[in-house]
Each structure stands twice: as C-alpha cells, then as structure tokens.
Amino acid sequence: MVLHNQKRILRSATVDDLEGKPFAAGPIFTMVIRYLQKHLLEALNLSHKGTLETDITYIITVPDIWGLAAKQFMREAAIEAGINCNRLKLALEPEAAAVYCGALGHTLVGQKFMVVDLGGGTADISVHERKGNGSLKNIHTPCGGTWGGIYVDANFTQFMAEIFGTRALTAMQADEMYDYFDMMRDFEVKKRNSQTDITFRIPVVLKENDEEHFHQSLSDRLSSLMFGEKVFVRGKDKLGIHPSIMQSFSTDQISAIVNHISSVLKEERMKDVGLIILVGGFAESPYVQQRIQKELQAVRLIVPEEPGLAVLKGAVMFGHKPNIISSRVMDYTYGVEIFDYDFEKKYSMEKKIFMNGEWLVKDVFRVFVRVNEDVPFDNKVTHAFFPTENPDYVVIFRTENNVHN
Ligand SMILES: Nc1ncnc2c1ncn2[C@@H]1O[C@H](COP(=O)(O)OP(=O)(O)OP(=O)(O)O)[C@@H](O)[C@H]1O
Ligand SMILES: [Mg+2]
C-alpha cells in the first residue's frame, strides 16, 4: 500500500512498524523476496533435486493499479535480493487471475468478464475478453481501491481498543509483541468462520490492564458498552463474539466493493459483461461471496476453487506462456518531445524556431501510443528522429489525456 499511487520512484519510501516508527521500504521488500527465494530453493532441493537456480524464471505479481514507479520499485527490490534481471518478469495480478480462471475450463470464449481480486490491501477490478484462440484481451483499464482483508483486521483491533482501551492495546503492541501477534493470528484463523459465535482467548495483559484501569470486572464493563448480548465473557479468559459483530468488521469494505463494481458495470462499453470471477484471499470468505452474489444479481458469479491462490497459479501459467495476454489497453498516452515541420501550416510563429537553415515547430509531443488504445502483445511502434544535440538520454512523456496535435 505504501507504493500505491507513487508518482515517482521513491527510493526513500518508508513503511511504518506496529508502533508507527518508519523504516525504509526498499530493504524490507528485498528481505521478503530474498527469504522467499531461499525458501523456494530449499523446497526444490528436496522435491526436484538437480534443479539449477539458473533454470528458474521468477514472476513477481504486482497490482495493476500500481503506478509505473511502484512497479519499478518492486523490480529493483528483486534485483537487489539477488534475482537475475534476465530471468525476472512482473505479472499484473488481475491478468494472472484471469489466466487462471480461463484455464479452469469455464467456457469464457467470446465472453466479456470481470475479474474481481480481493486481496489483503486492495480490491482490483479488471475486465477481459477471451478470444477464440484462447488468449485474453484486456478491455478496461484496471481500477479498484483500498478495500482488502487487512481492514477487517484493523476494524477488529479498533473493536478490541473500544473494549480494553486504546492505551492498553498500544501498550500491548509495544511491550508484549508476542501476545499481540498471537491475538491477531487467532483472529486470522477464526474470522474465516463468520457464521457462528466465535471465541477468542483474551491476552492476559489486556484483561489485567482492563480490570485495573476501569475498576470493574470485564463482564460488567461489557454490559456497559453498546454490544448488548453480542459480546460476552466465556469462561475465565475468553471473549465470545456473535457472527453479526464479526460480519460488521467487513461490511463497509464489501459495500465499497459492490458499489465500485456496479459503477464499472454501468459504463456503456461494459454493457455485455455478464460474468464476474471472484478471486483473492478475501474472496474465500463465505460472507463476502454471499453479499456480492445477493447484491449483484444481474451478473453471473464464479468463485473458482482456492480463490486465494488464483493469482499465484495464473502467474505461473503466464510465466510459461507470456503471449496468453494478447493485448492490453493503454492507461496513458506516451510520446517524446520533438521539433517538427509545419507541413499543414497550422502553427503560429511563436511556436517556431529557425534551426539549421529551416523553420521548425518546437515542443511538439509526438505520440507513440494513446490512452485506451489496444496494443497487441510484442507490438512495436517506430518513429525515426535525428537528435538536435548529442543526448545521452531520451525523455519520455506520458499523460492521461488523449492528445490531439
Ligand atoms: N476465509 C477468509 N475469510 C476472510 N478473509 C480471508 C479468508 N482467507 C483469507 N483472507 C484474507 O485475505 C487476505 C489475503 O488475500 P490475498 O492473499 O489475496 O492478498 P494479497 O494478494 O497478499 O494482497 P493484495 O492483493 O492486496 O496485494 C488477508 O487479509 C486474509 O486475512
Ligand atoms: Mg493479491
């Protein structure tokens, strides 16, 4: 999430730790990738003896709503972790998800379908068409928002803070890190069953702190809060929570997701999209599935097997067959700045400059590809220019506008 919306590569980008202290993001990304690579090589060494590291192509998946700078940041982190840049590819997560769903044998041929990938941090939405040759065409620039599963955890933390006090919770995060992680891991497992009452063990530090601080027993305190019978003490050290409270932790995220999907489906060019494929870890939740099904009845919903692994498996398939994505819709217009001839006599004198014996128009944006243009896999656009001086780099411009010149 720290990389989302980055306009420039911020090598100094930071992430906050639990106590809100900033730490450089680059080394953390590198550390994670290095760890995963080591873990992979050890596992391969057991299962596929003789596999050489040089046999491996690495695919790192990134959300498509990330800007170019964030994608570059990820690539640099991987190279820093020791991954050979010739064997490294980034795959766009919604495309990987679509590849996986296509491979599951759902008859998607000729169909336009939406992939909704509900992850930890973000919900990513993209729309594709599967062509007769099995390849996929991306027909809508990916969009989405910050409505992932981690906000459910954040709402739970907020709820615990309401019961036990913000100070006690912050103190636990700072001083009793293991207890805090235990509590969150317990929640991670238990939130997966949001249909029945759920019981949590209350960390001792919280319970002691609570009684000391509020001068009343926990059950007395609970009855003074607004939860009614829905939150109760069980046994000596357990908290019982009614499913409706559990569901309330994800309600707002799901509403935002449903609203966003509806607004995309209302667009004119989306009118023959009749199928939604739901993937990502957050999509494993039966409550999430039910609500999306109920609130978007006009479209058919498919939740593939193991939706949480869809992106991973799709990325592996993409690694083997990169041209499975046959074309992409550009999210920007790209071009370079040139001096041009005024063949059509449309420029005023102020725009012109006399150079090497002729009049040229300055500051012309020569477009290579335009926003919303369909660009086939491996497509090349060639323009030839003569440098006016000896440049050691070329500036490339991009804009979200469809430039006319
Ligand atoms: N059964 C479940 N019920 C509710 N949430 C779940 C369930 N299973 C997994 N999750 C949540 O799904 C999230 C992880 O999903 P996923 O692995 O798709 O995320 P990610 O790809 O790492 O994140 P992002 O796509 O945002 O970068 C976590 O927040 C996890 O708690
Ligand atoms: Mg994801």
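**Group meeting: a walk through a predicted model**

If we set aside the neighbours within four places in sequence, the residues in contact with F23 are A13, T14, V15 and I28. As for A70, that residue is 47 positions from F23 in sequence, and the two C-alpha atoms are 17 Å apart in space.

For a second residue, let me turn to A97, which is found in helix α3, spanning residues 93-103. Here the relative accessibility is 0%, and A97 therefore counts as buried. Leaving out residues up to four places away in sequence, A97 touches V115, V279, A310 and V311. Between A97 and A24, which are 73 residues apart along the chain, the C-alpha separation is 30 Å.

Now let me step back to the whole protein. It has 405 residues, of which 44% count as buried, and it contains 11 helices and 18 strands. The C-alpha trace spans about 90 × 55 × 45 Å along its principal axes, and the accessible surface comes to about 22800 Å², with 54% of that belonging to carbon and sulfur atoms. On the side of charge, there are 45 positive and 52 negative side chains, and the centres of these two sets lie 5 Å apart. If we take the contacts with a separation of 6 or more, 70% of them are accounted for by residues 24 or more positions apart.

How is the protein divided into domains? Domain 1 covers 14-83, domain 2 is made of 96-145 together with 255-307, domain 3 covers 150-247, and domain 4 covers 330-399. For the placement of two of these, the C-alpha centres of domain 1 and domain 3 lie 34 Å apart.

Next I would like to look at strand β7, residues 136-145. Why can we say that β7 is largely enclosed by the rest of the structure? The reason is that nine of its 10 residues are buried. Strand β7 also has pairing partners, and I will take two of them in turn. With strand β6, residues 123-130, β7 runs antiparallel, and seven bridges join the two; within this pairing, I125 has C143 in β7 as its bridge partner. With strand β13, residues 325-329, β7 runs parallel, and two bridges join them; here L136 stands opposite I325 in β13.

My last stop is a hairpin. Strand β15, residues 352-355, and strand β16, residues 358-369, pair in the antiparallel sense over four bridges, and K352 has V361 in β16 as its bridge partner. Which residue in this hairpin takes a positive phi? With two residues between the strands, the hairpin has N356 taking a positive phi near 45°.

How values were computed
Residues numbered from 1 in each chain as written. Chains lettered and ligands numbered in written order. Predicted model: local features only at pLDDT ≥ 70, side-chain atom pairs only at ≥ 80, totals over all residues. Heavy atoms only, no water. Domains from an automatic or database assignment. Buried < 20%, exposed > 50% of the residue type's maximum accessible area, 1.4 Å probe, protein only. Pairing = 2+ DSSP bridges. Contact = heavy atoms within 4.5 Å. Areas by Shrake-Rupley, 256 points an atom, 1.4 Å probe, with all protein chains shown as cover. Lys, Arg positive; Asp, Glu negative; His and termini not counted. Charge placed at Lys NZ, Arg CZ, Asp CG, Glu CD.
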